[in-house]
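Me: I would like to learn how to read a protein model, feature by feature. Could you take me through this one slowly?

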Amino acid sequence: MMTFKVKNLKDINPSLNKFVQYMQSLGLCEDDVFYGRLVGCELLTNVVRHCGVEAGFCASLKDGQMVISVSSGSDKRYKLCPDLPDALSESGRGLYIVNCVCNGEVAFSGDKVVAKLTVHFQ
């Protein structure tokens with residue numbers, strides 16, 4: 001399992017580089033390492049940019065899936081929408097991409113979003 005917190009947009013890339021190393025150490029194929037970083041980046045950026053608070057990150061490998069959870073850790077929550085955005089939405093394209101990459105396995109709950117990415121090993 002890997003956890004970290006980011007306070008601002010500048011903290012995201014160094015933290016995600018460590019996440020990439022974690023995924024590589026597990027032996028994930030390079031495509032899934034790329035997609036894992038993409039999911040983490042989109043979700044962390046959403047919390048920091050739209051909630052304006054520190055973002056908590058947790059990732060673990062479970063039953064062939066990388067489970068990525070990002071939380072705002074405060075009463076400022078993700079603005080939940082009844083449906084995830086689509087490709088033609090004016091905003092929310094990042095969540096649309098995350099939803100596609102995760103085959104629809106994205107769930108919002110309170111102050112966090114959990115995305116499950118099916119992974120393959122080298």
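Reply: Let us begin with contact, a word that here means heavy atoms within 4.5 Å. Leaving aside its neighbours within four places in sequence, Ser 69 is in contact with Gly 56, Phe 57, Cys 58, Lys 112, Val 113 and Val 114. Residues are numbered from 1 along each chain as its sequence is written, and side-chain values use heavy atoms, with hydrogens and water left out. This is a predicted model, in which local features need pLDDT of at least 70 and side-chain atom pairs count only at pLDDT 80 or more, while totals for chains, interfaces and linings use all residues.

Me: What does the protein average in pLDDT?

Reply: The term pLDDT is the predictor's confidence in each residue, from 0 to 100. The protein averages 89, and 88% of the residues score at least 70.

Me: In which strand does Ser 69 have its place, and is Ser 69 buried or exposed?

Reply: Helices (H or I, at least four residues) and strands (E, at least two) are DSSP runs, numbered from the N terminus, and two strands pair if DSSP finds at least two bridges between them. Ser 69 lies in strand S3, which spans residues 65-71 and pairs with strand S5 (residues 112-118) in the antiparallel sense over 7 bridges; opposite Ser 69 stands Val 114 in S5. Buried means under 20% relative accessible area, exposed over 50%, and partly exposed in between (1.4 Å probe, protein chains only), so Ser 69, at 17% relative accessibility, counts as buried.

Me: In what order do the strands form the sheet?

Reply: The 5 strands form an open sheet in the order S1-S2-S3-S5-S4, with antiparallel pairing. Strand S1 (2-6) and S4 are the edge strands, each of which pairs on one side only.

Me: Which residues of helix H3 are buried?

Reply: In helix H3 (residues 93-101), Gly 94, Leu 95, Val 98 and Val 101 are buried. Seen down the axis of H3, these buried residues fall within an arc of 125° (taken from the directions from the helix axis to the C-beta atoms), so they line one face of the helix. Helix H2 (30-51), S4 and S5 are among what covers them.

Me: Which residues touch the most other members of the largest nonpolar core?

Reply: A nonpolar core is a set of buried Ala, Val, Leu, Ile, Met, Phe, Trp, Tyr and Cys residues joined through side-chain atoms within 4.5 Å. Of the 33 residues in the largest one, Phe 19, Leu 43, Leu 44, Met 66, Ile 68 and Val 70 touch the most other members, and H2 gives the most to this core, with 7 residues.
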